[in-house]
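This report goes through the protein shown below, from its overall make-up to single residues.

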Amino acid sequence: MQIFISHLSFNTPNILSNPARPANMGFSPLSLSQFLSSILFLFHFHTTISSSNYSSSSHFCAPDQSLSLLQFKESFSINSSASGRCQHPKTESWKEGTDCCLWDGVTCDMKTGQVTALDLACSMLYGTLHSNSTLFSLHHLQKLDLSDNDFQSSHISSQFGQFSNLTYLNLNYSVFAGQVPSEISHLSKLVSLDLSGDENDYLSLEPISFDKFVRNLTQLRELDLSRVNMSLVVPNSLMNLSSSLSSLKLFSCGLQGKFPSSIRKFKHLQQLDLADNNLTGPIPYDFEQLTELVSLALSGNENDYLSLEPISFDKLVQNLTHLRELYLSWVNMSLVAPNSLMNLSSSLSSLKLFSCGLQGKFPSSMRKFKHLQLLDLRKNNLTGSIPDDFDQLTELVSIDLSFNDYLSVEPSSFDKTIQNLTKLRGLRLGYVNMPLVTPNSLANLSSSLSALALWGCGLKGKFPGNIFLLPNLESLDLTFNGDLTGSFPSSNVSNALWLLGLSHTRISVYLENDFFTNLKLLEVLSLRSSNIIRSNLTLIGHLTQLTRLDLADNNFGGQIPSSVENLVQLRILYLDSNNFLGQIPDFLGNLTLLENLGLSNNQLSGPISSQINTLSLRFFDLSKNNLHGPIPSSIFKQENLEALVLASNSKLTGHIQSSIGMLTYLESLDLSSNLFTGRIPVQLADLTFLGVLNLSHNQLEGPIPSGKHFNTFNASSFEGNLGLCGFPMPKECNSDEAPPSQPSNFHDGDDSKFFGEGFGWKAVAIGYGCGFVFGVTMGYVVFRTRKPAWFLKVVEDHWNLKARRTKKNARRNGARRN
């Protein structure tokens, strides 16, 4: 190029001085225009080359940056279980000898080659993040995202405070633990901070550190500390946060105390989530001034009741015109008229007012909420009929009106709704009155339906079998519809089905090969008191994903099938009221996750298996069998046991061991109608949660322990033991056998108020979980003895979570259901 330029320069004077030069010279002259064009071309060519050379030389990252990244990579393994929400192992593209600025997740300053941003979200990183990690040598970082990895409960290092240029820091769902270091407050340029985690992450934030946060992080616009333990932080200190906040998420942080009395300073807030804490008092009047709010979540502050007065609610709904999501479940709104909901923004997409105490007539019209996708008004006291214009809410994806016992659905309204809501995925109307609705109308449900819960609705007639074949059906619960008939098909059922509840219906079920092989994803199977036509229960072991199995009140016989041993995920097993024979199988001890075990009212014999000590039981019922021998000491090692029922076995013998005092969470104990001898151990009086006690009809003797706790039990708890003396029995004790005194750590309160009156009881609880988005389960009681006394309630919310598995691993494997 230089030679070419010189050549042109050499000839230029001749061209300019003699433009009429003859054409027969030794070379062809350039015209003026050609010359100028050449100059422009060369200038452009030289500029392009120079720019390319400069870019090429500065594009490569600095060698020290590349080395730091490679050493950081080598300190972790890649594990698919480390990332649950998404999986992209970005560090696999990091190769020595290549430009690190081109690596996945790496961004550089084009002039200096320094790494300025590192996005390793969902990179499946598994290992410990040490304080001497080479990560902390990347001093020019402005953005850092390490979310959704598994750092194995590493502490958040104080070294993070050295990233003085950081504007964005995301460590959410990455299994950090311990104290959030106060050095995070040194990041004064932070605009976005996310340290949120799940229920297995054990981060905590002390008041002193939080005060430093709010004092120094004045640029913050987005703050998410959800599930970080902030139980010692005073709620009112939140008012010191930056007034420029647009998003504040403190879900399930353990905040307790009075809700801040004023919140108007956060006028730019668009998202506010303070759900699942222990906040109390009224929601302040000045909420109305947060006019930019798009999402407001105050649900789950149920322990001490957060409340919302009608005046505050009216102002809130009138002024928050941009509101799209409103979650106020468990907020006390008992004085708010249901019809005032109609003043909410027409742009609303999600409304959850579960268990708010709403009472009165359901709003007569809903058509204005044409963008509504999620509606949850469960467990209120709404009355009247669901309005006819429900069918106009064509964007609805999920409806839950369950537990409004005086709410009804008219056939015409239901038919129109079913036909028009083509996007519906979840329909839950448990205990909503639908006796006039023809089950056949359900055949028009959208093919996108994933969850249907119509338990206790009074449905009558033949259930349309084609619903079982909906391709996306995941959960179906028709429990407590005793007049519902039809047949459950054995084949072509949705292979996505994880919950099936047909208890207390007359729908025919054939438990044969097709059933067990086609429904391998089932997690909850409830067929209590069902119409089981044929069964081969030995195949039950194919359902290896089961967490809850209820086959009670049927006619199963023979021994408990050994294939039950394959159900290693089981947490609840009810086989009560059948005709099972033989001994309690030892293999039940292999079901180490089991919490509720009901085997009552069968023909089981022999001793109680000592293998029971391998379980983690809360509810254990072996009543009304033919068991004999003593209670194995392993039962008294069940530290979480809440209910122990061994009544009416006739041949159970031996003493009630003093080690029963180890069952510190025991709420109900029934050992009645057996052959137990000896004294009542004084340690029973030490069980402060014990609200139901039945030791009647045994051969016990001696004084009944005295004290306020035992004074709550009347004579029915001890009758039929002729050798007992002392209150409340009519026989007084001799001076040499005075009733044992109350243990020193006896709880002075009266726990009996939490239980029904009477003695002799049998409670069987059943837990259900229905649905894709959110949900509710229910318990019910079956009384089998003389007087009802205790109600064991199992309530587990399964609309949001598919099932409780091993917590962190469940999330890591993508098992979370949102």
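## A buried serine

A polar contact is a pair of N or O atoms within 3.5 Å, where, within protein, one atom must be able to donate a hydrogen and the other to accept it. In this predicted model, a polar atom of the Ser83 side chain lies 2.9 Å from the backbone nitrogen of Met124. Ser83 itself is placed in the loop between strand S1 (77-78) and S2, and this serine is buried, with a relative accessible area of 0%.

## Overall make-up

The protein has eight helices and 48 strands, and buried residues make up 53% of its 818 residues. Among the contacts with a separation of 6 or more, 62% are between residues 24 or more positions apart. The accessible surface comes to about 34,000 Å², of which carbon and sulfur atoms account for 51%.

In soluble globular proteins, nonpolar side chains tend to be buried together. Here the largest nonpolar core holds 201 residues, of which Leu135, Phe160, Phe287 and Phe515 touch the most other members. The elements that give two or more residues to this core include helix H3 (63-74), helix H4 (207-216), strand S31 (508-511) and helix H7 (513-518). A second, separate core has five residues, among them Ala552, Ile572, Tyr574 and Phe619.

## A three-stranded parallel sheet

Three strands form an open sheet in the order S6-S8-S10, with parallel pairing. Strand S6 (154-155) and strand S10 (202-204) stand at the edges and have a single partner strand each, so one side of each is left without a neighbour in the sheet. Strand S8 (residues 176-179) pairs with S10 in the parallel sense over three bridges, and Ala177 stands opposite Tyr202 in S10.

## Backbone details in loops

Ser648 is found in the loop between strand S42 (643-645) and strand S43 (651-655), and is partly exposed at a relative accessible area of 26%. His697 lies in the loop between strand S46 (692-694) and strand S47 (699-703), and also counts as partly exposed, at 37% relative accessibility.

The peptide bond from Phe727 to Pro728 is cis, with omega near 10°, and Pro728 lies in the loop between strand S48 (723-725) and helix H8 (807-812).

Conventions. Residues are numbered from 1 along each chain as its sequence is written. This is a predicted model: local features need pLDDT of at least 70, side-chain atom pairs count only at pLDDT 80 or more; totals for chains, interfaces and linings use all residues. Side-chain values use heavy atoms; hydrogens and water are left out. A nonpolar core is a set of buried Ala, Val, Leu, Ile, Met, Phe, Trp, Tyr and Cys residues joined through side-chain atoms within 4.5 Å. Buried means under 20% relative accessible area, exposed over 50%, partly exposed in between (1.4 Å probe, protein chains only). Helices (H or I, at least four residues) and strands (E, at least two) are DSSP runs, numbered from the N terminus. Two strands pair if DSSP finds at least two bridges between them. Contact means heavy atoms within 4.5 Å. Accessible areas come from the Shrake-Rupley method with a 1.4 Å probe; for residues, only the protein chains shown count as cover.
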